[in-house]
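Q: I have a model open and would like to learn how to read it. Where do we begin?

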Amino acid sequence: MFWAIRNYDGPSNRAMIVRTGPSAMAITRRGAGGAEFLLSELHRLRPASVGKVRMKTYKDWAYDPLQRGCGFSLAPGQVNRFARTMPEPWKTMHFAGEHTRRTDFGMESAMESGERAVLEILARG
Ligand SMILES: Cc1cc2nc3c(=O)[nH]c(=O)nc-3n(C[C@H](O)[C@H](O)[C@H](O)COP(=O)(O)OP(=O)(O)OC[C@H]3O[C@@H](n4cnc5c(N)ncnc54)[C@H](O)[C@@H]3O)c2cc1C
């Protein structure tokens, strides 16, 4: 994925290259050479980019010990086994987080569930 990002006025633009799945693992196996490989691929696909793109940040999540996955998803059977009731408060404890989401995904789900937990607390009176 190549995402062009233009969110400020200036002489240059930003872009984000994201790889996932088996092709990301192949890049991970290149170690520190992964960044160079991405640039060379961009130049191969878009020769006009040669000399015009600078890699500012390179992050390989596979090397991040705190990263245990990208999005939360349930396995078959888990919805009926526990997911329906999982977000329910227990005594004075209220639960928020992507795993308790109902509509949104990703960071929006964290916020959605946070709002729901706040409303639960306010409704306690
Ligand atoms: C590589 C990657 C890229 C992503 N890209 C996007 C994106 O582009 N857009 C998007 O919307 N979403 C993206 N996501 C998903 C998004 O980050 C999550 O959906 C979101 O952060 C979930 O929020 P959360 O509050 O439920 O959980 P988290 O953000 O995981 O927060 C949980 C917190 O609890 C802490 N914690 C865990 N156990 C304990 C414990 N026992 N005691 C105390 N603290 C604890 C953790 O350290 C963490 O800070 C991405 C995720 C990853 C990993």
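**Charges, rings and a ligand**

A: Lys-59 lies over the face of Trp-61, with 4.5 Å to the ring centre. Bear in mind that this is a predicted model.

Q: Over the ring of which residue does the charged end of Arg-30 sit?
A: A charge counts as over a ring if it is within 6 Å of the ring centre and within 35 degrees of the ring normal. The charged end of Arg-30 sits over the ring of Phe-37, and the distance to the ring centre is 3.7 Å.

Q: How many aromatic pairs are there by the rule?
A: A pair of aromatic rings is described by the distance of the centres and the angle of the planes. Centres must lie within 6.5 Å for rings to pair. By this rule the count here is 0 aromatic pairs.

Q: Which residues surround the ligand?
A: Trp-61, the residue under Lys-59, is one of them.

Q: Which polar backbone atom is 2.7 Å from an oxygen atom of the ligand?
A: For a polar contact, look for a pair of N or O atoms within 3.5 Å. The 2.7 Å distance belongs to a polar backbone atom of Glu-98. A polar backbone atom of Met-107 is 2.8 Å from a ligand oxygen, and for a backbone N or O atom of Gly-106 the distance to a ligand oxygen is 3.3 Å. Of the 1000 Å² that the ligand exposes when taken alone, the protein buries 35%.

Q: How many helices and strands are in the chain?
A: The chain has 4 helices and 2 strands, and along the sequence their pattern is β-β-α-α-α-α. Its radius of gyration is 21 Å, whereas the globule rule gives 14 Å for 125 residues, so the chain is more spread out than a compact globule.

Q: What box do the C-alpha atoms fill?
A: Taken along the principal axes, the box is roughly 60 × 35 × 25 Å.

How values were computed
Residues are numbered from 1 along each chain as its sequence is written. This is a predicted model: local features need pLDDT of at least 70, side-chain atom pairs count only at pLDDT 80 or more; totals for chains, interfaces and linings use all residues. Side-chain values use heavy atoms; hydrogens and water are left out. A residue is near a molecule or strand if one of its heavy atoms lies within 4 Å of it. A polar contact is a pair of N or O atoms within 3.5 Å; within protein, one must be able to donate a hydrogen and the other to accept it, and residues adjacent in sequence count only if both atoms are side-chain atoms. Accessible areas come from the Shrake-Rupley method with a 1.4 Å probe; for residues, only the protein chains shown count as cover. Rings of Phe, Tyr and Trp (its six-membered ring) pair if their centres lie within 6.5 Å; planes under 30 degrees apart count as stacked, over 60 as edge-to-face and the rest as tilted. The radius of gyration is taken over C-alpha atoms; the globule rule is 2.2 Å times the number of residues to the power 0.38.
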